[in-house]
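Here is a quick tour of some local features worth a look before you set anything up. Have the viewer open and follow along.

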Amino acid sequence: MKDTMLDRSIIQNRGFANTFDGDRITGFQVALRNPNYRGLTSSLVDGVSVTVAGRTWTHEETSIVLQGRAFTLAELRASTGARWNADEVACVKVPLEGGLPRGVHDVAVDIRLRAPYFPIEFQPNVFHAERACTLVSPVAQPRFKYGVSTYSYTGDMHTIMTLEDAMAEIADMGATGLEILGEANVPGYPEPSKAWLDTWFANLDKYGLEPTNMGSWIDSRMWLDRDLTVEEGAAALERDIRLASLLGFSFVRPKIGVTSLELDPHPIWDEAVERNLQLAADKGVVICPEIHSPTPIKHRVVDDYIAFIERTGTKNFGLLIDTGIFMTKHAFFGLDGMAEPTSVEEVPVPLRALNVPASDLREVMPYVVFIQSKFYNVDEDLVDSHIPWEPVLDVLSETGYTGYLSSEYEGPRDPGRGTEQVRRQHAMFHRLDAEAGRA
């Protein structure tokens, strides 16, 4: 049994990248699952042709990596001791000086497999597949660190994707930050088993990932007849600070119950947080509630958070900016079976364009500790349909922010769409980094 699951598509999402000889880009690669109903010895794999943007590389021009061994077509036909098993990926290497440009590419493959139990006249069997694949192509010196929240893969997690799949996906894009939701991604929450903890740390090391932010909840209206007390709210936050520290996270985002349409936090928030400031300092954790649409930056909620920081003098409480506040276009996709809106009033409040100018970030940046790069759609030209990213990233860069941009996709939950959209967002970020001279 393999550690991660394969895409249903023959052409895999992970593994599409340029290839290098030292610092020189010499081609690109496409990862494929075995399209046959059984595994095959390598000598029965008769090559793969690849087509991108109307150009085809024949099965005689490409090479294949099976079980860590590279084969030309001639070497495949004479090979022994290697297999393409049904649960393994083959990596097809395509020669192309300079490789492919960053972005979305229409990829087609023809996989030639021979079956000795078929008459020679009917061989090889050719399996054809097509898929749009995104080449992320990270720049060498990005302006920021990049990561992903597992919230981006909602719907896929626990169905077609395991937590390790998510970790492998993040690493495959060249990103290093892993953001999770404690109650969604930690089996046995809030007390994971030692076996799970051992696997967690082993996989962080395996994929070269850093735990960034853990989502936490203070469910102030847990019951219908009363709200949480300060003591109960503080205990909920303490529980998650301890868990986050155990798992290696630096940030905890408490989702605090609200009392208004503008997301004013429940009145217990400040005392519940203050009671945990020393624990957070001891554990090396920063508590960071999110500034989330429909709350703009210039708002009493933000003012109150900043006043709390100033009053306590704490370094363990800061602002998390959810970039959905910068939307200039409504993000409505007929979610939850709702009819397409005919007016702004019919658009769910969190999906309305708040039109917060990026310049509003400047005055609060001394208090910002984490960025959730919320988005809803990046098109095939690597353009976000809702958020003008250039001014946002420029302000972050100009004010000295070098922390994480953690992708939080919140568009339609069709299977696999989240993984593809996150790859597009990261390709977009690296394109903007390259344009800023960070190649």
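Where does Pro 190 lie? Pro 190 sits in the loop between helix H3 (182–185) and helix H4 (194–207). Keep in mind as you go through the rest that this is a predicted model.

## Cis peptide bonds

Another cis bond runs from Ser 293 to Pro 294, with omega near 15°. Pro 294 is again a loop residue, placed between strand S17 (290–291) and helix H8 (300–312).

## Positive phi without glycine

Next up, the backbone at Gln 67. This residue isn't a glycine, yet its phi is positive, at about 50°. You'll find Gln 67 in the loop between S6 and strand S7 (69–71). Its relative accessibility is 41%, so Gln 67 counts as partly exposed.

Leu 263 also has a positive phi, about 65°, and it's not a glycine either. Look for Leu 263 in the loop that links strand S15 (251–256) with helix H6 (269–274). With a relative accessibility of 26%, Leu 263 falls into the partly exposed class too, since that class covers what lies between under 20% (buried) and over 50% (exposed).

## A buried histidine

Now to His 59, which belongs to the loop between strand S5 (55–57) and strand S6 (63–66). Is His 59 buried or exposed? Its relative accessibility is 15%, and because buried means under 20%, His 59 counts as buried.

What is His 59 in contact with, once neighbours within four places in sequence are set aside? The list has Asp 46, Gly 47, Val 48 and Ser 49, then Leu 73, and the arginines Arg 77 and Arg 112.

## A negative patch on the surface

Last stop: charge. On the surface, Asp 106, Glu 130, Glu 380 and Asp 381 gather in a patch of negative charge. One of these residues, Asp 106, is part of strand S10 (residues 103–113).

Why does Asp 106 count as exposed? Its relative accessible area is 57%, and the exposed class takes in anything over 50%.

Note on methods. Residues are numbered from 1 along each chain as its sequence is written. This is a predicted model: local features need pLDDT of at least 70, side-chain atom pairs count only at pLDDT 80 or more; totals for chains, interfaces and linings use all residues. Side-chain values use heavy atoms; hydrogens and water are left out. Patches are made of residues with over 30% relative accessible area and no salt bridge: like charges are joined within 9 Å, nonpolar side chains (Val, Leu, Ile, Met, Phe, Trp, Tyr) within 5 Å. Accessible areas come from the Shrake-Rupley method with a 1.4 Å probe; for residues, only the protein chains shown count as cover. A salt bridge is a side-chain nitrogen of Lys or Arg within 4 Å of a carboxyl oxygen of Asp or Glu. Lys and Arg count as positive and Asp and Glu as negative; His and the chain ends are not counted. The place of a charge is taken as NZ of Lys, CZ of Arg, CG of Asp or CD of Glu. Helices (H or I, at least four residues) and strands (E, at least two) are DSSP runs, numbered from the N terminus. Buried means under 20% relative accessible area, exposed over 50%, partly exposed in between (1.4 Å probe, protein chains only). Contact means heavy atoms within 4.5 Å.
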